[in-house]
Amino acid sequence: MKLLVYGAGVCGSLFAARMDEAGHDVSLLARGERLTALRRQGVRLAEEDGPVRRVPVPVTEHPDGGYDLITVFVRTHQVDAVLESLAGVQGDGLFLLNWAAGPETLGAVIGHERVLLGFPATGGTMDGDVVRYRKTNFITRRVAMPIGEPDGRTTPRLERIVETFRTAGINAKAEPQMDAWLRTHAAFEVPLGQAVHAAGGPVALADAPDAVRGMLHLMRQNLAAMETPPVPRAFAALRALPQGLLVAVLRRFLKSPTAVHSGLNDRSPATAAELERLAEQLRAPAGARQATQDGENLTTHTAAGPTVLGPTSAGSTDGNR
């Protein structure tokens with residue numbers, strides 16, 4: 001597979017290294033200081049606090065020619081610029097990121113037939129130019145990278161991509177409700193990221209049960225406002241189970257290594273901008289997310305949108321992309 005990996009943060013770098021080691025023709029797109037570091041010493045990886053290893057993945061500053069697949073690992077607020085740069089580049093586009101605006105907004109720019117949706121199943125932090133990713137365990141090994149066609153079909157290209165990723169050691173699966181999956185994740189992620197920032201980190205939030213209860217309340221409001229049932233269905237438990245039990249589970253999660261090493265401690269301006277954009281997408285009425293097939297501007301409707309955490313000054317996402 002000739003593959004362009006667009007975005008050289010935690011998820012993109014780790015994905016590019018694994019695909020390169022599996023023998024694929026990979027180019028990792030980066031800019032600025034990150035590009036300079038990658039050209040000098042390749043992708044540097046470490047499992048949490050473990051030793052650093054180097055993978056000499058080829059890097060590029062701009063898309064060049066055509067590809068079998070373009071995987072996009074950027075933050076939500078950076079997608080518009082990425083779409084413009086990919087409009088004339090051949091290749092299917094798999095968007096592996098936080099996105100609650102629907103596939104139509106992506107296809108309106110690069111072509112609806114090119115779009116696939118997904119979400120990375122890994123997380124970590126940038127330690128200088130070293131990608132420190134979270135250690136695998138029984139739970140994380142069972143969490144697959146969901147990938148889906150916008151219309152939910154199981155197509156030959158989807159099956160081919162999933163199988164290619166699996167042979168490279170990436171636990172991928174076909175998800176028939178990928179758009180609903182992404183909106184469910186955003187309904188959970190926005191209150192979580194903003195509450196973590198307000199508290200000063202995941203562990204500090206875990207030690208503030210009232211704040212966790214407030215965060216849970218907003219998650220429930222977001223899920224209740226969705227036009228489709230939550231995906232995965234397990235998220236329905238956030239609305240159905242007793243508050244006391246859920247608060248205890250969330251506090252335990254916030255203190256776990258999975259949370260601490262997932263990027264929730266990242267309080268950079270980029271995380272704030274991403275959560276702000278994601279919150280805007282959640283607030284948008286369902287009708288306003290539907291772009292016409294010929295790429296016309298989005299229309300505005302008056303239906304009520306989801307409720308999200310009021311102040312959107314900052315937050316965190318699943319890893320630094």
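Reader: Which residues of H1 are buried?
Author: This is a predicted model, where local features need pLDDT of at least 70, side-chain atom pairs count only at pLDDT 80 or more, and totals for chains, interfaces and linings use all residues. Residues are numbered from 1 along each chain as its sequence is written, and side-chain values use heavy atoms, without hydrogens and water. Helices (DSSP runs of H or I, at least four residues) and strands (runs of E, at least two) are numbered from the N terminus. With buried meaning under 20% relative accessible area, exposed over 50% and partly exposed in between (1.4 Å probe, protein chains only), the buried residues of H1 are Val10, Cys11, Gly12, Ser13, Leu14, Phe15, Ala16, Ala17 and Met19.

Reader: How many of the 12 residues of H1 are buried?
Author: Helix H1 is largely enclosed by the rest of the structure.

Reader: What distance does helix H1 reach from its first C-alpha to its last?
Author: H1 covers residues 10-21.

Reader: Which glycine follows H1, and what is its phi?
Author: The residue is glycine 23. Its phi is positive, near 100°.

Reader: In what order do the 8 strands of the open sheet stand?
Author: The pairing is mixed. Two strands pair if DSSP finds at least two bridges between them. The order is S5-S2-S1-S6-S7-S8-S11-S12.

Reader: Which strands stand at the edges of the sheet?
Author: An edge strand here has a single partner strand, so one side is left without a neighbour in the sheet. The two edges are strand S5 (59-60) and strand S12 (172-174).

Reader: What is the bridge partner of leucine 28 in S5?
Author: Strand S2 (residues 25-29) runs parallel to S5, and 2 bridges join them. Leucine 28 has as its partner valine 59.

Reader: Which residue in S2 stands opposite leucine 4?
Author: S1 and S2 are parallel and pair over 5 bridges. Strand S1 (residues 2-6) has 4 of its 5 residues buried, so it is largely enclosed by the rest of the structure. Opposite leucine 4 stands serine 27.

Reader: What is the bridge partner of leucine 94 in S8?
Author: Strand S7 (residues 90-96) pairs with S8 in the parallel sense, over 4 bridges. Both faces of strand S8 (residues 115-118) are covered, with Val115 and Leu117 buried on one side and Leu116 and Gly118 on the other. Leucine 94 has as its partner leucine 116.

Reader: Which arginine meets aspartate 129 in a salt bridge?
Author: A salt bridge is a side-chain nitrogen of Lys or Arg within 4 Å of a carboxyl oxygen of Asp or Glu, and the structure holds 11. In this one, N and O are 3.0 Å apart. The pair links distant parts of the chain, 85 residues apart: aspartate 129 is in the loop between strand S9 (124-127) and strand S10 (130-133), its partner in strand S3. That partner is arginine 44.

Reader: Is arginine 157 buried or exposed, and which residues share its salt-bridge network?
Author: Glutamate 149 and arginine 157 form a salt bridge, with the closest N and O atoms 2.7 Å apart. Both residues are buried. Salt bridges that share partners join one network: Asp92, Glu149 and Arg157.

Reader: What is the N to O distance between aspartate 151 and arginine 153?
Author: Aspartate 151 is partly exposed, because its relative accessibility is 49%. Its side chain meets that of arginine 153 in a salt bridge, at 2.6 Å.

Reader: Where is glutamate 48, and what is its phi?
Author: Glutamate 48 lies in the loop between strand S3 (43-47) and strand S4 (53-55). It counts as buried because its relative accessible area is 14%. Its phi is positive, though the residue is not glycine: near 50°.

Reader: What C-alpha separation do aspartate 266 and glycine 124 have?
Author: Aspartate 266 lies in the loop between H12 and helix H13 (269-283). It is buried, because its relative accessible area is 17%. The two residues are 142 residues apart along the chain, yet their C-alpha separation is 9.9 Å.

Key: The expected span of a helix is 1.5 Å times one less than its number of residues.
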